[in-house]
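Dear colleague,

Please keep it open while you read.

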Amino acid sequence: MINWIKNTVVPIFLVLQGTAIADTVYVTLEKDNSIAVVDGVTGKLSQVVEVGLRPRGIVLSKDKTQLYVAVSEEHTIKRIDIASMTIVGAFPVDKDPKTFAMSPNGDRLYVTNDDDNQLTVIDIPQNKIIKRIPIAKEPEGVSVSPDGHWIITTSESDNVAQWIDANKLDIVDSSKVEMRPRSSLFTPDGQQLWVTSERAADLTVFDVATRRKVKTIRFEIPGITSETVKPVGIRIDSKQRFAYVALGRANRVAVIDADTLQTRAYIPVGQRVWNLEFSNDQKRLYTANGLSGDISIINLENQQDVKSIAVGQYPWGIAVKP
């Protein structure tokens, strides 16, 4: 059983406990123009593969045989065969793709184009763009509801989360959030939408049925100024017990009780933690720490940081293959 220390920093723990299920972790490296490949259990860096100029977002294909990577400065989403770690193709996309999400059935990619204020919808089997949707300024995050009905895009300049009907591919609604929203995520049951606001140091929870705000969660860390707390990536476990939020330059991951929506702890990780991902069994959490050039592996059975692995320059996105 976990002994929680509310609103305090959790001490670093250095030993993995129990039997771990193997994972391969793929991390995009913005400044190295590469992907780092890491054994999630041992923490060993096994390979670094060049993929193109400034890779950021990364997603595993539905059949887990390929990686899709947003290569921002080449304006493309590249396809990488996991078995050989070679580039086998590319999806057409417009300027500066940064983040993207896949439809639940794996047949579409929804890509935000930062420079074009646009969401590009790609049909994966046909390998073509099927629609370009004008959206709010400086789009950043994109997420899809578990049932595939909603696509959410966040606008850093206009401070909104936009609700796009995936069947009609039209904007249905727009929800105001606080300054500079970066990421969004639906709860596994699809009943809530969570949106982080980087400059406001908070997270807004919406009820999906009504699209109304449920709560705003403020992140306040003892000894850390609010200007340093910059929430970005979100992950919520499949049983909807806990949520984990990367807090950027605060060098912490917030742990939130997903039922009460109360922050329970802050876990120290590397510098400028931006994105994170679960292991397949959800007993570990991997974080990409941009400024320290490493990833952290957190043991979720005791909610403590367990290991730091150097991977290269500016880790950004993470995908995990069982």
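The side chains of R180 and E138 form a salt bridge, with 3.8 Å from N to O; please keep in mind that this is a predicted model. Because R180 lies in the loop between β15 (170-176) and β16 and E138 in the loop between β11 (128-134) and β12, this pair ties together parts that are 42 residues apart in sequence. R180 counts as partly exposed, at 22% relative accessibility, and E138 is also partly exposed, with a relative accessible area of 25%.

A second salt bridge joins the side chains of E140 and R182, at 3.0 Å from N to O. Here the link runs between distant parts of the chain, from E140 in strand β12 to R182 in strand β16, which are 42 residues apart, and both E140 and R182 are buried. In the whole structure, the search finds 21 salt bridges.

Turning to the pockets, the largest has a volume of about 1500 Å³ and is lined by 48 residues, with V59, M102, L185, R235 and E277 nearest its centre. Its lining divides by class into 24 nonpolar, 17 polar and seven charged residues.

The second largest pocket holds about 240 Å³ of space, and among the 14 residues that line it, R241, D281, Q282, K283 and L300 are the closest to its centre. One of these, K283, meets E301 in a salt bridge between their side chains, at 4.0 Å from N to O.

With best wishes

Technical notes: Residues are numbered from 1 along each chain as its sequence is written. This is a predicted model: local features need pLDDT of at least 70, side-chain atom pairs count only at pLDDT 80 or more; totals for chains, interfaces and linings use all residues. Side-chain values use heavy atoms; hydrogens and water are left out. On a 1 Å grid over the protein atoms alone, a cavity is a set of points where a 1.4 Å probe fits but cannot get out, and a pocket is an open set with protein on both sides within 12 Å along at least five of seven lines; lining residues have an atom within 4 Å of a point. Grid points are joined across faces, edges and corners, and a volume is the space filled by probe spheres set on the points. Ala, Val, Leu, Ile, Met, Phe, Trp, Tyr, Cys and Pro count as nonpolar, Asp, Glu, Lys and Arg as charged, and the others, Gly among them, as polar. Helices (H or I, at least four residues) and strands (E, at least two) are DSSP runs, numbered from the N terminus. Buried means under 20% relative accessible area, exposed over 50%, partly exposed in between (1.4 Å probe, protein chains only).
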